[in-house]
Amino acid sequence: MTAVDLGTPSLRSGTELVPAVAEGVTQTAKEFSSDQEVRWCPGCGDYAVLKAVQSFLPDLGLRRENIVFVSGIGCSSRFPYYLDTYGMHSIHGRAPSIATGIATARQDLSVWVVTGDGDALSIGGNHLIHALRRNVNMTILLFNNRIYGLTKGQYSPTSEVGKITKSTPVGSLDHPFNPVSLALGAEATFVARTIDSDRKHLTAVLAAAAAHRGTSLVEIYQNCPIFNDGAFDAIKDRDNTHALIPLTHGEPITFGVRDEATGLGDKALVRGAGGGVEIADTASVAPEDIIVHDAHNPDPSTAFAISRLTDAGYLNRSPIGIFRQVDRPTYDDQARAQVAAAVATQGRGDLQRLLDGGDTWTVA
């Protein structure tokens with residue numbers, strides 16, 4: 001895949017309250033790598049994501065002790081073991097809730113969540129959507145391999161209909177989630193998609209997500225070579241020039257074979273008759289009819305319509321990049337301000353007085 005310019009990296013720094021390393025101190029990827037043996041299957045896409053994160057973390061300019069990774073359960077959730085930062089291998093599906101507590105209590109930390117499609121969208125679905133709508137300061141990396149890998153190959157909430165697995169021997173009947181659509185529906189303030197095999201694109205998306213103040217959700221297409229090998233072959237096939245739809249803020253959305261004179265692809269996104277988004281031949285539409293991507297639009301309707309281009313089967317159309325990147329007050333900032341205001345006007349509370357208060361019940 002050809003990496004694309006993702007445009008403006010951020011609206012507001014997500015790490016502005018986190019202590020930086022001392023001036024003149026340079027950190028390396030090695031310093032963010034733990035001494036633990038990395039235990040994933042050979043060829044797993046998790047290796048590529050881990051290397052990208054280890055290489056990217058020094059660019060944040062933050063001290064390792066001010067970075068924390070929280071994971072749930074699954075192959076991807078081994079991530080904290082392999083980083084020399086603070087971390088927690090937590091409870092199945094509950095990583096966003098634990099990260100919410102950390103972010104609210106400690107504004108001096110850069111908080112990350114690492115999760116998988118099963119962990120985040122099945123048992124953890126409820127926790128995920130509420131973290132997104134609250135807009136807590138955290139970056140969520142959702143590894144989507146469209147299968148349960150750790151438990152050896154059952155279908156997941158993102159597996160396509162008809163998927164043959166150990167738990168669906170005659171084909172899955174479940175209609176799969178589109179993680180990007182789900183996040184946009186929950187009105188997440190930063191939503192992006194990238195892929196494990198494109199290091200440059202992956203790193204650029206991570207940088208923008210980390211810089212965003214609020215909840216950042218990054219879906220990462222990640223191949224599982226053992227239980228779901230080839231799930232993303234359609235978008236990794238260099239001959240399939242129309243599989244990926246790159247999104248760059250402020251630029252017309254075109255893809256496919258590029259015209260050297262105009263720089264536009266031979267396919268374009270336009271408004272559909274029903275108000276949605278459709279694919280058209282670029283040569284057959286007026287330039288002003290091509291949708292210009294606006295990731296900063298407060299209304300997520302167009303971003304949602306673009307996300308629906310991703311089919312639920314073989315991913316023959318996959319928009320990729322930053323779908324939405326808007327500014328909204330964050331839950332943890334507001335919670336801390338609320339507590340500070342209460343202390344300033346009422347003083348600090350008395351826990352024992354609260355416990356001994358007037359609200360009592362007599363149980364017969």
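How do the residues of the lining of the second largest cavity divide into nonpolar, polar and charged?

Guide: The lining of the second largest cavity consists of three nonpolar, three polar and one charged residue (Ala, Val, Leu, Ile, Met, Phe, Trp, Tyr, Cys and Pro count as nonpolar, Asp, Glu, Lys and Arg as charged, and the others, Gly among them, as polar). This is a predicted model, in which local features need pLDDT of at least 70 and side-chain atom pairs pLDDT 80 or more, while totals for chains, interfaces and linings use all residues. Residues are numbered from 1 along each chain as its sequence is written, and side-chain values use heavy atoms, leaving out hydrogens and water.

The residues in question are Gly93, Pro96, Thr115, Asp119, Ala120, Gly124 and Leu128, and the space they line has a volume of about 30 Å³, as filled by probe spheres set on grid points joined across faces, edges and corners. Across the whole structure, two cavities of 30 Å³ or more are found (on a 1 Å grid over the protein atoms alone, a cavity is a set of points where a 1.4 Å probe fits but cannot get out, a pocket is an open set with protein on both sides within 12 Å along at least five of seven lines, and lining residues have an atom within 4 Å of a point).

Among the open spaces, the second largest pocket holds about 230 Å³, and of the 19 residues that line this pocket, Ile73, Gly74, Cys75, Tyr148 and Gly149 lie nearest its centre. Strand E3 (110-116) and helix H3 (117-123) are the elements that give two or more residues to that lining (helices, H or I, of at least four residues and strands, E, of at least two are DSSP runs numbered from the N terminus). H3 supplies the largest share, three residues, and by class the pocket lining has six nonpolar, ten polar and three charged residues.

Leaving aside residues up to four places away in sequence, Trp112 touches Phe56, Leu57, Leu60, Ile67, Val68, Phe69, Val70, Thr139, Leu141, Leu206 and Ala210 (heavy atoms within 4.5 Å). By contrast, Cys75, 37 residues from Trp112 along the chain, has its C-alpha atom 16 Å from that of Trp112.

E1 and E3 pair in the parallel sense over five bridges (pairing requires at least two DSSP bridges), with Phe69 standing opposite Trp112. Strand E2 (residues 86-89) pairs with E1, also in the parallel sense, over four bridges, and here Ser71 stands opposite His89. Five of the five residues of E1 (residues 67-71) are buried, so this strand is largely enclosed by the rest of the structure. In a regular strand the side chains alternate between the two faces of the sheet. In E1, Ile67, Phe69 and Ser71 point one way, whereas Val68 and Val70 point the other way.

Note on methods. Buried < 20%, exposed > 50% of the residue type's maximum accessible area, 1.4 Å probe, protein only.
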